[in-house]
Amino acid sequence: MNALDKICEFISPSLGLKREAARMRLDMVRSIQNSGYDEGGASQRKNSMKGWNAESLSPQEDIDLNLNILRQRTKSLFMTSPLAASAIKTNRTNVVGAGLRLKSRIDFKALGISHQEADELEKQIEREFNLWAESKRCDNLGLNDFYELQQIAIMSWLINGDGFALVKHTNTTPYMPYGLRIHLIEGDRVSTPNSKGDYVNLRYKLENGNRIYSGVEIDKEGSVVAYHVCNSYPNSVLELNKKWERVEAFGAETGLPNVLQIMEAERPDQYRGVPYLATVVESLKQLTRYTEAELMAAVINAFFTVFVKTDSPDDSANDFSGVTENETSIDSPDYKLGPGMVNILREGESIEIADAKRPNVNFDGFVSSMTKYIGAALEIPYELLTKSFTASYSASRAALLEAWKAFKMRRTWFANDFCQPVYEIWLCEAVARGRIDAPGFFNDPSIRKAYSRADWNGPAPGQLDPVKEVDAATKRVENGFSTRERETIEINGGDFDRNIEQLIIENEKMKAIKTKEGE
């Protein structure tokens, strides 16, 4: 009996087969070289795949341990790469623009009040909120109002991977009846205590069993319970005496958040965000280097560069060792490089022109292709990333619509992570101080939620052809596919109710003028 027969005899009872059938099954298995993904992405036999040893670990190992360098490189790109700055600012401008505006949406049916009563209360809430939001005193630093804080917060989110807002309260004043203050901090400052430099993402276990991952403290169940905030940037040398303060995620008595974290998560069990440009850092840096090199070559070429060739047997003609900084040797030629320069050569010298063949005829095509490649990863079409709309109306509109899918998604996330929580905290204070009358607000969470419902409206997508856009909006309203209020917001970010009120005033004025002219 050979080895194969012995194997068949050994495995046949476990398979419930006779030895001959087991042998046929074994022969069939041996004949299969590849199966499933082994023929494609999981292949370890193809030459193109042999050197690809990919390995993914936990979110903390894959993300947190690389966050410091990702943040620093993203900040560098934002400050030095025009394309990177465009990607960040394009999101900022389209997602929040001049700031997302509150539109109170009280659930009057749940509260048992009439639509008219809810409408009046909504207007009162919006007026009171703007009293706080339009003042720079809503900022703990006293530098920005709430709408300007939104712009800073989303920039911090995109550049650092996440942004943080500390909720603070101070005493009221005669000119500011609210004590709520928002203090924005960058993600670098939320870090594990006593960490610095490349060890900002150090993690360890506390005595109570909680763990700290990159400054975020979680309990045994994995829920976030606190954040550890440094009084300075861990990498900074300006503040040598660094201290960390533990800030609980939610107030023990109120249940309201003490810290707001703005983040776009990629994976489960992820506690820190990834910078927006992380996947294209290398591409952006290489493209920036290429454009800088091409620009310098073009500048030098514009100077009509020449090199002096001499037949002199010694180097005495080019010896400037005896000439001081402020002296010029009569015998030493003063060759200069510049536009329109003519240098007189000495006897035995000739020139050779350096033809750098710049600007490169392939430059624009290559940069455009790379920009499309980068834009695809960032969900920003080439036209919007470069602010160049040279295609047809249909193609340009398709690009805008595709970009706005991503912008609206981020706007929703930003409103849910920042605007709505801040509004709910403010509303609790407004009701507690008696400036807003909301019966039952603190008695039942469902009642509080009914009072707190709101929409956050921002900049509209814009219009490539206003006539076509308005005609389409009119047909949507006429057929019940949309409402006048929604279309007003989508077209120019306006407020339909205020438009109607203003139109009534204007029509009355026009009617009065016509009546006076008729007399």
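Both Phe129 and Phe146 are buried, where buried means under 20% relative accessible area, exposed means over 50%, and partly exposed lies in between (1.4 Å probe, protein chains only). The model is predicted, so local features need pLDDT of at least 70 and side-chain atom pairs count only at pLDDT 80 or more, while totals for chains, interfaces and linings use all residues. Residues are numbered from 1 along each chain as its sequence is written, and side-chain values use heavy atoms, with hydrogens and water left out.

**Aromatic pairs**

A search of the whole structure finds 21 aromatic pairs, a pair being two rings of Phe, Tyr or Trp (its six-membered ring) with centres within 6.5 Å, counted as stacked if the planes are under 30 degrees apart, edge-to-face if over 60 and tilted for the rest.

Tyr423 belongs to helix H12 (residues 393-432) and Trp456 to strand S12 (residues 454-457), so the pair ties together parts that are 33 residues apart in sequence. Tyr423 is buried, at a relative accessible area of 0%, and Trp456, at 10% relative accessibility, counts as buried too.

Arg101 lies over the face of Tyr147, at 3.7 Å from the ring centre, and the charged end of Lys372 sits over the ring of Tyr382, 5.5 Å from its centre; the criterion is NZ of Lys or CZ of Arg within 6 Å of the ring centre and within 35 degrees of the ring normal.

**Nonpolar cores**

The largest nonpolar core has 72 residues, and those with the most contacts inside it are Phe129, Trp132, Phe146, Phe414, Phe418, Trp426 and Trp456. Such a core is a set of buried Ala, Val, Leu, Ile, Met, Phe, Trp, Tyr and Cys residues joined through side-chain atoms within 4.5 Å. Its largest share, 16 residues, comes from H12. A second, separate core of 13 residues includes Ile185, Val216, Tyr227 and Tyr271.

**Salt bridges**

The whole structure holds 15 salt bridges, each being a side-chain nitrogen of Lys or Arg within 4 Å of a carboxyl oxygen of Asp or Glu. Three of them are tabulated here.

| Salt bridge | Closest N and O atoms |
|---|---|
| Arg453 and Asp107 | 3.6 Å |
| Arg272 and Asp162 | 2.7 Å |
| Arg246 and Glu217 | 2.9 Å |

Arg246 in strand S8 (residues 244-248) and Glu217 in strand S6 (residues 216-218) are 29 residues apart, and their pair links distant parts of the chain. Arg246, at 41% relative accessibility, counts as partly exposed, whereas Glu217 is buried, with a relative accessible area of 1%. Salt bridges that share partners join Glu217, Arg246 and Glu248 into one network.

Both Arg272 and Asp162 are buried. Arg453, by contrast, is partly exposed, with a relative accessible area of 41%, and Asp107 is partly exposed, at 24%.

Notes: Helix = DSSP H or I, 4+ residues; strand = E, 2+ residues; numbered from the N terminus.
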